[in-house]
Amino acid sequence: MQERLLELQEEALQKVTAASELKELNEVRVAYLGKKGPITEVLRGMGKLSAEERPKIGALANEVREAIATEIEQKQKALETAAVNAKLATETIDVTLPGRPVNKGNLHPLTRVVEEIEDLFIGMGYTVAEGPEVESDYYNFEALNLPKSHPARDMQDSFYITEEILMRTHTSPVQARTMKKHKGQGPVKIICPGKVYRRDNDDATHSHQFQQIEGLVIDENISMSDLKGTLDVFAKKVFGQDREIRLRPSFFPFTEPSVEVDISCKICGGKGCSVCKQTGWIEVLGAGIVHPNVLEMAGFDSKKYSGFAFGMGVERIAMLKYGVDDIRHFYTNDVRFLKQFNHHEA
Ligand code: FA5
């Protein structure tokens, strides 16, 4: 019996040494140390032994079991460590690799200009108003003193959807809509940013779709000097103290008197270039004193109230501010162009 036990020990230890996987090792454990294993079998036959031999064989059997168990345990640890090392070897991270750059977007230059102008006027007590881009002929023209056959309608070639509905050609309809809401009660002090559409041929300074910001102030005793002062603050804040502004007499059916406001060209410094069409000036906005007909049509008493209004082209302002020589750059979305506006103050 003693021999049989030592034989079993030898056999088991060889198998432990040979095992190359945890699964195999477990099979050895079950085979030799399990309840149905050969050692248990030997112990069952101990009843046939003499009283002297029994404890000896019992002790030996325990030693054999322990030897096998210890060996299995050590092998198990070795196999586990080897498995972890193998995993680490295949999953190594090279911490010296440079990181992937995170591409951060930035606001479109036109959005930035609109926000800057909004902030400026909000700071002067204006509120922001908005209106629809698909507009009725009534608000786009008639309520602004432009009846159906008025020749001045040709000043803004329009995209008509039906006889009565068109893509708005300017942001001035928002003036008319806002005045109506006020039901003849002043004061009104708003700016209205938004997209507008015209059948203009695209070139360096014209686009068939562009943005405007409208301004409207109605109160008692509003005069041309209030308009001039406001435009001066606007020009100095947006373009800097060194920019000059020029007011030219002009005509708009909804204002009387009317002016067109030019700002000295930053690209050529006023000498003349393709952007300013060799004049040294770029037209950025139209303005004037609200026509009494417009006030009356919107329900305001033109004897009590007066007001001024202006409408500026956002792209023209952005071109002047950032020195952009072609309006089409704003709409072709070349990332190299857009990335240049990454900083808060360009
Ligand atoms: C108007 O649209 C008037 N509604 C402005 C106004 C409002 C006058 C209130 C009086 C009182 P005008 O057509 O001039 O006016 O356009 C205003 C500005 O829009 C121009 O000064 C110019 O900066 C810009 N603009 C006009 N046409 C284009 C175009 N095709 N592409 C880009 N900008 C344009």
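Ile-213 stands opposite Met-312 in strand S9. The two strands concerned are S5 (residues 209-219) and S9 (residues 306-313), which pair in the antiparallel sense over 8 bridges. Two strands count as paired if DSSP finds at least two bridges between them. Strands (E, at least two residues) and helices (H or I, at least four) are DSSP runs, numbered from the N terminus. The model is predicted; local features need pLDDT of at least 70, side-chain atom pairs count only at pLDDT 80 or more, and totals for chains, interfaces and linings use all residues. Residues are numbered from 1 along each chain as its sequence is written, and side-chain values use heavy atoms, with hydrogens and water left out.

S5 and S9 belong to an open sheet of 7 strands. The strand order is S1-S4-S5-S9-S8-S7-S6, and the pairing is mixed. Strand S1 (127-128) and S6 stand at the edges. Each has a single partner strand, so one side of each is left without a neighbour in the sheet. S6 (residues 245-252) pairs with S7 (residues 255-264) in the antiparallel sense, over 7 bridges. These two strands form a hairpin with 2 residues between them. Phe-252 has Thr-255 of S7 as its bridge partner.

Helix H5 (residues 109-123) lies across S1, strand S4 (188-197), S5 and S9. H5 runs at about 170° to S4. Axes are lines fitted to C-alpha atoms, for helices over the stretch in contact, and angles run from 0 to 180 degrees between N-to-C directions. Helix H7 (residues 172-182) also packs on the sheet, touching S4, S5 and S9. The direction of H7 makes about 35° with that of S5. Contact here means heavy atoms within 4.5 Å.

Helices also pack on one another. Two packed helices are described by the angle between their axes and the distance between the axes. H5 and H10 pack at an angle of about 100°, with axes 10 Å apart. The pair is therefore roughly perpendicular. Angles under 35 degrees count as roughly parallel, over 145 as roughly antiparallel, 65 to 115 as roughly perpendicular and the rest as oblique. Residues of H5 in this contact include Pro-109, Leu-110 and Val-113. From H10, Val-314, Ile-317 and Tyr-322 are among them. Helix H8 (residues 224-239) and helix H10 (residues 314-322) cross at roughly 50°, their axes coming within 10 Å. H8 and H10 are therefore oblique to each other. Phe-234, Val-238 and Phe-239 in H8 meet Ile-317, Leu-320 and Lys-321 in H10.

Leu-320, found in helix H10, is buried, with a relative accessible area of 2%. Buried means under 20% relative accessible area, exposed over 50%, and partly exposed in between (1.4 Å probe, protein chains only). Not counting residues up to four places away in sequence, Leu-320 touches Phe-239, Ile-263, Ser-264, Cys-265, Lys-266, Ile-282 and Val-284. Thr-81 is 239 residues from Leu-320 in sequence and 70 Å away in space, C-alpha to C-alpha.

The protein chain is divided into domain 1 (2-90) and domain 2 (109-341). These bounds come from an automatic or database domain assignment. The C-alpha centres of domain 1 and domain 2 lie 94 Å apart.

Cysteines were examined last. A disulfide is a pair of cysteine sulfur atoms within 2.5 Å, and by this rule the count comes to 0. Cys-276 is in no disulfide; the nearest cysteine sulfur, that of Cys-268, is 3.7 Å away. Cys-276 counts as buried, at 3% relative accessibility. Cys-192 is buried with a relative accessible area of 1%.
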